[in-house]
Amino acid sequence: MTGKNQTTVSEFLLLGLPIQPQHKTLFYILFLAMYLTTMLGNLLIIVLIHLDSHLHTPMYLFLSNLSLSDLCFSSVTMPKLLQIMQSQVPSIPYAGCLAQMYFYLFFGDLESFLLVAMAYDRYVAICFPLHYTSIMSPKLCFCLAALSWVLTTFHALLHTLLMARLSFCADNVIPHFFCDMSALLKLACSDTHVNELVIFVMGGLVIVIPFLLIITSYARIVLSIIKVPSARGIRKAFSTCGSHLSVVSLFFGTIIGLYLIPSANNSTVKETVTAMMYTVVTPMLNPFIYSLRNRDMKGALGRVICKKKIIFCL
């Protein structure tokens, strides 16, 4: 079958989550609530940053892009999962499966690159506060954000095109709640060595390198604080970096635990639960992390509410 471009599979069957039938209604309500919370929370951040001029800074430019990425990242998988749980129809068309894989990779990679840009922004703000405005110019911020979108486009497209060249002959059951790339490769009946090599090489570029860049940025921040220790400096560092570090830990912690620290007893259930962490839980928690621990966001919310009250009274 090697070398054939055509597939005899017109659709795949997503098994979804390993949930007992008597518990499906409860989990459906839970996941629906989580998805709605993710949508509303990230939309709130985007709207606040757009409406409040105090938040028109590099840090919040990246945060608005991150919120948009989280919103879309969750929307790639959750609606289909909810549909499967409600209608008991686990099928997804072949083209739809490839499209889901593309956007899953796209928004997952985008979040990785945006977290790097945010780490660099915090590094400049703390280590070079007097030159922050000149270094983090609007042009540089736009270029960093645009570069993140462009790089992720090509990376996701590369994997999708390589997957499209494979043949799928008989087995079309995916033991996952979305079209995961590794699960699809296991179903292919043609040679997947090229795909596996690209995954290994590109995985290092979009996961390991961004993670190392973030660690390097925060290592430089810590060294800067140690050189001139002060209670005010430490408080400033924690207040500006705490939220970002929490998001980095959630996002990269689950991905590294699943993909870069392989375990002999890794089961499908464990992989599915871990995937749920960074595709559903992390995008939902990000708005709470940034709003509850960020005085600027809470202040912006208060100002927007006050303006709405004044307009309503008039």
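Colleague: What makes up the span of residues 197-216, helix or strand, and how far apart do its end C-alpha atoms lie?

Modeller: In this predicted model, residues 197-216 are 100% helix and 0% strand, with end C-alpha atoms 27 Å apart. The UniProt record, in an unreviewed entry, lists 197-216 under "transmembrane region", along with other spans including 140-158. Over residues 140-158 the chain is likewise 100% helix and 0% strand, and the end C-alpha atoms are 27 Å apart.

Colleague: How do you know that the length of helix H5 agrees with its number of residues?

Modeller: Helix H5 covers residues 138-164, which is 27 residues. The expected span is 1.5 Å times one less than the number of residues, so H5 should span 39 Å, and because its end C-alpha atoms are 39 Å apart, the two values agree.

Colleague: How many helices and strands does the protein chain have, and what percentage of its residues is buried?

Modeller: The protein chain has 10 helices and 3 strands, and 47% of its 314 residues are buried. Among contacts between residues at least 6 apart in sequence, 81% join residues at least 24 apart.

Note on methods:
Residues are numbered from 1 along each chain as its sequence is written. This is a predicted model: local features need pLDDT of at least 70, side-chain atom pairs count only at pLDDT 80 or more; totals for chains, interfaces and linings use all residues. Side-chain values use heavy atoms; hydrogens and water are left out. Helices (H or I, at least four residues) and strands (E, at least two) are DSSP runs, numbered from the N terminus. Buried means under 20% relative accessible area, exposed over 50%, partly exposed in between (1.4 Å probe, protein chains only). Contact means heavy atoms within 4.5 Å. UniProt positions are given in the numbering used here, feature names are shortened, and annotations may be inferred rather than shown by experiment.
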